[in-house]
Each structure stands twice: as structure tokens, then as C-alpha cells.
Amino acid sequence: MIVVTLAFLIPIILDRLKWRFLPVVVVEILAGILLGKSGLGILDNDEWLTILSTLGFIYLMFLSGLEIDFDSFNVKKKSDEANALKISSITFVFILSLSALFGMVFQWMGFVTDGLFMMLIISTISLSIVVPILKDKGITNTPYGQSILLTAVISDFATMILLAVYVALQADNLARPFLLLILFVVVFFFYRFMLRFKKGKIIERISKESVQLGTRGVFALILFFVVLSEEVGAESILGAFLAGVLVSLVSPKIEFTHQLTSFGFGFLIPIFFFMVGATLELRELFADQAALLMIPLILLSFYASKFFPVLIWRRWFSVKQTLAAGSLLPSTLSLVIAGTAIGIDLEIMTPTVQAALILSAVISTIISPILFQKVAPEETETAPKRIALIGANTINLALGKQLHQDGYEVTMFTSDPTLNEQERQYPFETRVVKELTPDKLSTHQIADSDYVVVFTSNEKRNIELANWAKKEHVANVICRIDSEEHPNELDQEIQAFSTFTSNRILLQALIEHPSLFRFLQADQPMQEVRFENQNLHGKQIKDLSFLADALVIRIFRGNDTIIPHGDTQIHVGDILLISADRHLIKTIRKECS
């Protein structure tokens, strides 16, 4: 009762005191220390709390795997942007190298019996701390934010796998490391099965008859992989982590992910963090002068192993951005707790050393977010979306002018040499290319665009160029098709624009909805805004003051279309169709991110 009540009150108290720089999980650990064996002795490690704490630990590892966004590994370098995947990969190699050096120092000083194990502990980065900080700052989707995020993701993923391999190699059974391969083979087959199962209609049909089928499946998956990990000699945390990775790989809906996260951080995980603090041997730690001296050395290893590798970022980012990243990445918690628990089981460290490591991790999660908020520069306005229009005709020229007025960065490509010779001046850039072919266009960095619109009069050429742009990983490709049907040779992910169908729909709209057509022709633009702010999940439209004079026309939630009212609730994952001026839409996007 005490633990659950405090888990409810702590976020409220922090909000009232305006101590938002302190992560809630850190305060829960501190509360556990105060009430546990190192403090008042009220919290006892009894059977119920032990079971719930273990489940909370397993669920935390599952959410760590779920937090990994594998789409971010497909980062495509634009001509004037830093390659986040390349930066983060190089950074992690340096982090691992410096961590190995510090691990050897700890072994030489006699604090641990194996320096390699200490290397894995030092090199960890806490996604549960980094992700909320980046979201609050509103820089998750910038090259800088992606570089920080990917460094944390790679560190989290790699150290978890290396930790499992290390445990397997420490076993007396020589077959243990090979048994570990069974686990990854099963993961692969489960991934293939889940992809097929997701595409089928059985889930949609059953979900209408039975509530929360997805949640049942997730818990079955977690426990299956926890048991399998134990059976092949790995730690249960690896099984839970891989279950989270599997769920992340099949790209669950944002609202479903929010549902899973809410359950974990609403019930099980707070109990785990309370018990981490309650079971810490701080009295023995403070009585042991040698172990007490470890804390400054551990903190030095956490910060030095991350800060110095990040200095290479100065090549791509400003001094303030580089220093801010070097101050945030040392924050670590979850995997330190997991790793030290394994270290105790393997008799690599003593409970006193474990307490020193966890206390140092807690200190890092307090210091790092504060330093980052102080040092990181305020994010400037995001760059406008880039649109490449291929083909010059009356429609494309008018479209380019309108898009330019709406704030897009438009570039038109044409093979007509007379376009630039005309007296008429266009507000957007026009480039004359000798031939509209993939080879010729590739030299103009078209693949760096956010949108590619292929609108020449040659349908075969349109299909060829659209397929090429999609292979170059352009997110949004629109292809002009003169026929009504979608051609088989056109990639299914490409949006086909049929002039025949469009004219028919437009004419029908003029007849049936003339007032709606006048509204669409108004100067005030309409844009889609994705709602991802978990802090505002469930809020009513009338309570969202940042909407100001904006008109929310429709809300798209999954396969449902909602006509909004003032008391309509907004959920994470919703797409809002909004009519407002461009400056207000920018504000709304920032608030919804």
C-alpha cells in the first residue's frame, strides 16, 4: 500500500514543486532508500514485493526493447545534413574502447574480478532517460536529436546482447554459447510469423469480440521468451528485451505502444525502482572507505567514456550541441541495475560495489538532464519540407507557386530548355536537365527530397522515375497516371495521381458539395498534424489552448474518421486535419510533437 500510494503521489509532488528536472524513477529510488534497509526500515523485501519487483524489472527490459525504433536505422544522409547512423556507430566504438580502459582500471584496483564485465556496465546509456529529454526539447526528428537517440539505441541494444553472450561464456557448459543461438533463431521465426499474423484479418475480427487481444499476446510473448532465455542459460532480462525488440519490429500503433508503456510505468515498474532503493546496502557502503572512493571514479568513467567520444561531433554540430550531447549520454540506470544483479550472481562484485554503481547511476540521471537543459541551445525552426517537381506544365507551375507560398522548398526539373528563357519569373528554383532519366536526375540530389512529384506527359517515364525515387528511399512519391487503374509495374507504396479520376471527383464535388469546394479554395491552408505528445493524451480539444483560432476539421484514428467537437478527446497517434495560417500550424506541430 505504501509503495503504490507513493508511486501515485511522487509525480504530483514533483509537478507542484516544479522539480521537472528530476526523473520520476530517480525519486522513486531515493524514496526506496529512505524507507528501506538503508533508511527507516519500513520497506521489507517480502514475498509480494519481490514478485512484483521482478515482474517490473522484466517489463522494464521489455519496454527498453520496445523503445528501439528500427526505422531510425534507415537514416538517409541528405547532402547538407549529418549522417546520424554513421556518427552514432563511430561514437559507440570509441565509447566501448574507453569503457574497456576504465574496466581494466577497476580490475587493477581490485573492485571487480573481471574488467570486461565492468566495460559493459560503463558503456551503457539509458534510453528511458534520453528519450523523454529529447521529446521535451522537441529535437527527436532533427539530425542532432537522431544522432543522440541512435547512439543511445545502439549502446542499449549492443550492451544487452554482449551481456548475454558474456554470461553464456562464463558457464561451465561449453554448449551454453551455442544454446544462445537457439534463442536468436526463435526470435527470427517469431518475427516472420508475427508479420504474417499482423497482415491477416483474424486479429481485427477477434478484437471485435474479445477486448485487448494485443495486450494478451504481448504478455504471452514476454513470458515465453523469459522462460526460453532461462532454459538456454541466458538471463531472463535478455528474453524480455528481445520480446520488446520483436514487438517494435512489427511497428505497433502508437496508441498501443502508449497503452503498454502506461501499464508498466503505472504499476509494475515503480515497485521495481522502489525496491532497488530499499535493498541498497548504503550503510555498508559508507562504512567502507575504499568502496566510497569508488563513486567519484565510477562517475568519472561514466562521463569520460561518453564525453570524449562525442567531441568528434564538433565536425557536424555547434560547440553547445556537442557539449550538451556529451553531458546527456552519460545518464545510465536500467542496464546498470540489471548488470550489477548479474555481477552479484556471478560473484564478480560484492553487494557494496553494487550499491556504489547503482548510487552513481542515480547521480548521473540527476546531473545529466540538468546539464543538458542548461547547455543545449534552443532549437531553431525546422527546415521546410523539400519538394521536387519533375516535369514543367501549367499544373506543375501553378502547384509549385502555391507550395512555395505555403512554406515548402520547391525545385522544378524539366528537359524543356525554353523554360528559363521565358520572361516570366518563378518564385521557386527551376533546373533544366538534358534528359529526365534516373542517371541525370541523381546528380541533382533529388533523393534528398521529402516529396517527389513526377508529372510529365509520358506515363512510362513517370512510372520509371517514381519507382527509382522510391528505391532511393524517398518517403513520399506521387506519380501521374493517365489511366484510371493503378499499373502493376508501379510500386504499391507510390501514390498514383490519375487525371481521369481526379477530374471526375472534382466535378462530382462541384455538383454535390459546392460550399466545401469554395472552402478548399480559400487562402488559409489545410495540413495534417500527427499528435504524439503523450502528456496531452486524452485531453479534450477545448482544453488545448495552443489551437487558438485553428479549425480541426477531421481526426483520423486508425481506420476511423472522427468529426471533432469541443469535448472530443485527442489520443496519441491521431492525425488532425487542421485549417489555420502557416505560423499557427508551426506552433501546433511543435505542441503536438
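Guide: The largest cavity holds about 40 Å³ of space. This is a predicted model, where local features need pLDDT of at least 70 and side-chain atom pairs 80 or more, while totals for chains, interfaces and linings use all residues. Residues are numbered from 1 along each chain as its sequence is written, and side-chain values use heavy atoms, without hydrogens or water.

Visitor: Which residues line the largest cavity?

Guide: L120, I121, T124, T159, M160, L163, L335 and G339 do. A lining residue has an atom within 4 Å of a point. The largest share, three residues, is from α7. A helix here is a DSSP run of H or I with at least four residues, numbered from the N terminus.

Visitor: How many residues of that lining are nonpolar, polar or charged?

Guide: Five are nonpolar, three polar and none charged. Ala, Val, Leu, Ile, Met, Phe, Trp, Tyr, Cys and Pro count as nonpolar; Asp, Glu, Lys and Arg as charged; the others, Gly among them, as polar.

Visitor: Why is α2 called oblique to α12?

Guide: Helices α2 (24-35) and α12 (254-278) pack at about 45°, with axes 6 Å apart. That angle makes α2 oblique to α12. The classes are roughly parallel under 35 degrees, roughly antiparallel over 145, roughly perpendicular from 65 to 115, and oblique for the rest. Axes are lines fitted to C-alpha atoms over the stretch in contact, and angles run from 0 to 180 degrees between N-to-C directions.

Visitor: Which residues make the contact of α2 with α12?

Guide: From α2 they include V25, E28 and I29; from α12, F265, P270 and F273 are among them. Contact means heavy atoms within 4.5 Å. The residues are ten nonpolar, two polar and one charged.

Visitor: What makes α4 oblique to α5?

Guide: Helix α4 (84-108) packs with α5 at about 130°, with axes 7 Å apart. So the pair is oblique. The contact includes L96 and S99 of α4 and G115 and L116 of α5. By class, it has nine nonpolar, four polar and no charged residues.

Visitor: Why is α4 described as roughly antiparallel to α15?

Guide: Their axes cross at roughly 155° and come within 8 Å, α15 being residues 294-310. Therefore α4 and α15 count as roughly antiparallel. Among the residues in contact are T91 and F94 of α4, and M294 and L297 of α15. The classes are 13 nonpolar, four polar and one charged.

Visitor: What is the hand of the crossing where α4 passes α15?

Guide: Right-handed. That term needs the near helix turned clockwise from the far one by less than a right angle.

Notes:
Helices (H or I, at least four residues) and strands (E, at least two) are DSSP runs, numbered from the N terminus. On a 1 Å grid over the protein atoms alone, a cavity is a set of points where a 1.4 Å probe fits but cannot get out, and a pocket is an open set with protein on both sides within 12 Å along at least five of seven lines; lining residues have an atom within 4 Å of a point. Grid points are joined across faces, edges and corners, and a volume is the space filled by probe spheres set on the points.
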